[in-house]
Amino acid sequence: MASLFRDRALGLSKRDSFSFSSSSSTAAAAAAASPSSATSRFMPAANSTALSPLPSPFGELTPTLSDSDIRSSAYEIFLSANRSSASKPLTYIPSSNNSNSPSNSTTNGNSTANLQRSLTSAAASKMKKALGMRSSSSKKSSDSHNSTPGGKLKKPVTIGELMRVQMRVSEAADSRIRRGLLRISAGQVGRRTELTVLPLELLQQFKASDFTDQQEYEAWQKRNLRMLEAGLLLHPHTPLEKSNTAAQRLRQIIHAALDRPIETGRNNESMQVLRTTVIALASRTVDGAPFECHWADGFPLNLRLYETLLEACFDVNDETAIVEEVDEIMELVKKTWGVLGLNQTLHNLCFTWVLFNRYVATGQVENDLLRAADSQLAEVAKDAKVTKDSIYSTVLSSTLTAMMGWAEKRLLAYHETFDSGNIDLMESIVSVGVLAAKILVEDISNEYRRRRKNEVDVALSRIDTYIRSSLRTAFAQRMEKADSSRRASRNQPNPLPVLAILAKDVGELAIKEKDTFSPILKIWHPFAAGVAVATLHACYGNELKQYISGIAELTPDAVQILRAADKLEKDLVQIAVEDSVDSDDGGKAIIREMPPYEAEGVIANMVKLWIKTRIDRLKEWVDRNLQQEVWNPRANQEGCAPSAVEVLRIVDETLEAFFLLPIPMHPALLPGLVTGLDKCLQYYATKAKSGCGSRSIYIPTMPALTRCTTGTKFQWKKKEKAVASQKRNPQVATVNGDSSNTVPQLCVRINTLHKIRMELEVLEKRIITLLRNCESAHVEDFSNGVGKTFEITPATCIEAVQQLSEGVAYKIVFQDLSHVLWDYLYIGELSSSRIEPFLQELEKNLTIVADTVHERVRTRLIADVMRASFDGFFLVLLAGGPTRAFSKQDSSMIEDDFKSLKDLFWANGDGLPDDVIDKFSTTAREVLPLLRMESEGLIERFRRLTLETYGSSAKARLPLPPTSGQWDPNEPNTLLRVLCYRNDEAATKFLKKTYNLPKKL
């Protein structure tokens, strides 16, 4: 037995151990007493790695059992499982001949040869190749030599020796264990190892004299007693009843021995009691089951012991590397299955955990370990499909939960975990996390079994969670970074707003996600990039929504942010569309997760609010300044109102400010601005003309028809003049009371409206120029005039100028000159009341008009004055009241007066054009000849035209024709009025007889 594990000079090995000389026997004994102290001797500090393993998923043992205690007991079980009986040597059975419990297999004679085989003859590891791990032969061979106090170097040369070194067991401890096993074998010939309670048997074999000192002996005894306590009392294979007397007795023995060590190594009474008690507890079986011995196969003790044995596969001098002889070691380790109550399924799970835990504990530097764990986990997934043992399910659940927890801690924030330097690891970590989750859900979860499996895609769900969680975390970090950038650039000119910086950062994050992470995640999730950008879209959208709710007006920062958001959204949507091109719905599901920011709509609404604010302010300004406007003709050289100049300046500045807005939709929003400005200018024009009177206001009311007294010359002109004055339109008094309605002031109003209309043409050309210089405009935006012209103000100005021009003209003639026209012309004696005074006054007013009104509207206004003068002249002739009477002989003087009136406007060719004068003289040319006609001819013509107008109904009695206000020689009312003012007997008699008209009012 001893020879199988004793060093032989059969060749060199990769591992170093110590060979103690006789002078160092004391040190060796001390090492044997505490295997943990031997660790430092077998693993040089220079090559040692401080392990940081994860908490064990198998559960915690009693704290009185240290890792060193477990390792020592595991090594004893390992040696015991591989011992031979008295008649046969220790055997080695390949896994190809194993059943679920290799220790139950028939032994063969090749075992000794395998155990003692030289390490240099070991073949390349098939297990490492299957796990996808590189051979360590390509690495530097272990060159960390463990020096003995005497300086002698010694290397293990057999599998047995290698295992001792890997388990960090000193040669002294190893020698004692093998010696005890030989004694046990000698006394139990033919008995299977798994039927032996090893700690009990070892206690039986050794006494204090077998150890260097009493302290070492007591430590060894306590360890074995605690192991019995753990295996039989704390973690028994079969649950203990509270009333079990053997259990109570064993507790008492152990507690007593911890205070006062029992005497071991002989068949005394205390040992007999201990043996009886231990055997009673270890041999408990379920009713009807064959005799078995259970002392190390209770959960989780068995798994922790086995975990320790599997960890021996890692090179003692390179804790990230698995030894090349792992195949041979693993076959020997599997011999312990019978003692530990394990099988291939539990082995796969434990080995998966050991590989994974070693990767984590060694600082995640050896990627092969992670890939090997991932590969082994696939075997666990197969086992989980067919194994429904409750204990296995419990261990499986806790192990996978620990692995998944570690993986998801990194995957839920994978942007922090991975970069270009370690991105190749991501696939393996994702695989571990997803596969662990699938097993937990599909093979352990009762909820999953109750539902149809096609309703749950675990991999898809987990990847979706990883993506969304990691990107939310990355987004929050980018938020902090953007805020820091903003604070850092606070003193710089035009610093970018935080959300504009964030939009740029999020865009870069999306590109990185698409190029770096999505190709890996796409293995499990076909639309990984789409989910990623949808998450980023939602994160940024929440911030944007909050920002928008807090802004009340359009600012440069707001525009920058909204434009940046619009660009970001287009980039994100493009990535989502590209990622979903092969999906059944063409990416509609992802796009539905990305409700539009509508940044352009927000900008448009903000601009509309900006426009409304400007328009409202402008309208208020118009109201306020028009109330203060005095229409002073000397206020400026142009003779227009200062308020108009200012309002046009504001309009121009508003247009300039609009085109300076950094928005992408000037052409679309321009019509709204132009319409608003148009309404403001129309409002100004309407207010400018209001209250200024019109033609109808100034024309006097026509007096009732009367007939003349034959041959009478009026001597009471002044009295009748007063009466006539009272007959004027009562509205004239209201207009007269307005101090801002003098002729010069009205002329300023006309100039103002004309200027506005002319400036609108300039503004429209300026709008086209500004559009051409606008980067967001297209050719069609300025090739047509839609939305870029002022539609209502020009027409309003034209109408207002026309109304004011007529109003000024009729005001001059019928109000300002009424004293020389209506109250003077042709009243009483014709020769003494002719038109000359009226012409003199009229010429003065025309001079004022010519000096005040803009030359572009001067002709129109003077033409209106001429028309008003002609109307006034004929109103005097045909509706002047009973104070006026004309004979046929007066016609030549009247015609001469009218010619003088025309000549005033012709002004020897410097006044109005002949065609304009002729146009407005048409009535005079047609009506004045009636004054030369005989009364009888006028009466006959009146009868004929009346009968033609009214038909046969007028034969009995001629009806009184209504006043039309239009003078026409073929119109009965005009003829009747000529007769009313004809101072002869025939006309008077006809009017008396036909209509019984009075001679006076």
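I began with the side chain of Thr789, which makes a polar contact with the side chain of Glu791 at 2.7 Å. I count a polar contact as a pair of N or O atoms within 3.5 Å; within protein, one must be able to donate a hydrogen and the other to accept it, and residues adjacent in sequence count only if both atoms are side-chain atoms.

I note that this is a predicted model, in which local features need pLDDT of at least 70 and side-chain atom pairs count only at pLDDT 80 or more, while totals for chains, interfaces and linings use all residues. Residues are numbered from 1 along each chain as its sequence is written, and side-chain values use heavy atoms, with hydrogens and water left out.

**Thr789, continued.** I placed Thr789 in the loop between helix H34 (779–783) and helix H35 (793–816). Helices (H or I, at least four residues) and strands (E, at least two) are DSSP runs, numbered from the N terminus. Thr789 has 26% relative accessibility, so I list it as partly exposed; buried is under 20% relative accessible area, exposed over 50%, and partly exposed in between (1.4 Å probe, protein chains only). Leaving aside neighbours within four places in sequence, I found Thr789 in contact with Val674 and Glu764, where contact means heavy atoms within 4.5 Å.

**H37 and H38.** I looked up how helix H37 (residues 855–879) and helix H38 (residues 891–906) pack: the angle is about 170° and the axes are 10 Å apart. Axes are lines fitted to C-alpha atoms, for helices over the stretch in contact, and angles run from 0 to 180 degrees between N-to-C directions. The two helices are therefore roughly antiparallel (under 35 degrees is roughly parallel, over 145 roughly antiparallel, 65 to 115 roughly perpendicular, the rest oblique). Among the residues making the contact are Phe870 and Phe873 of H37 and Phe898 and Leu901 of H38.

**Glu895.** I found Glu895 in helix H38, and at 23% relative accessible area it is partly exposed. Not counting residues up to four places away in sequence, Glu895 touches Leu928 and Arg932. Glu895 and Arg932 are 37 residues apart in sequence and 10.0 Å apart in space, C-alpha to C-alpha.

**Cysteines.** I counted zero disulfides, taking a pair of cysteine sulfur atoms within 2.5 Å as one. Cys350 is buried, with a relative accessible area of 1%, and Cys797 is buried at 1% relative accessibility.

**Whole protein.** I noted 43 helices and two strands. Of the 1001 residues, 53% count as buried.
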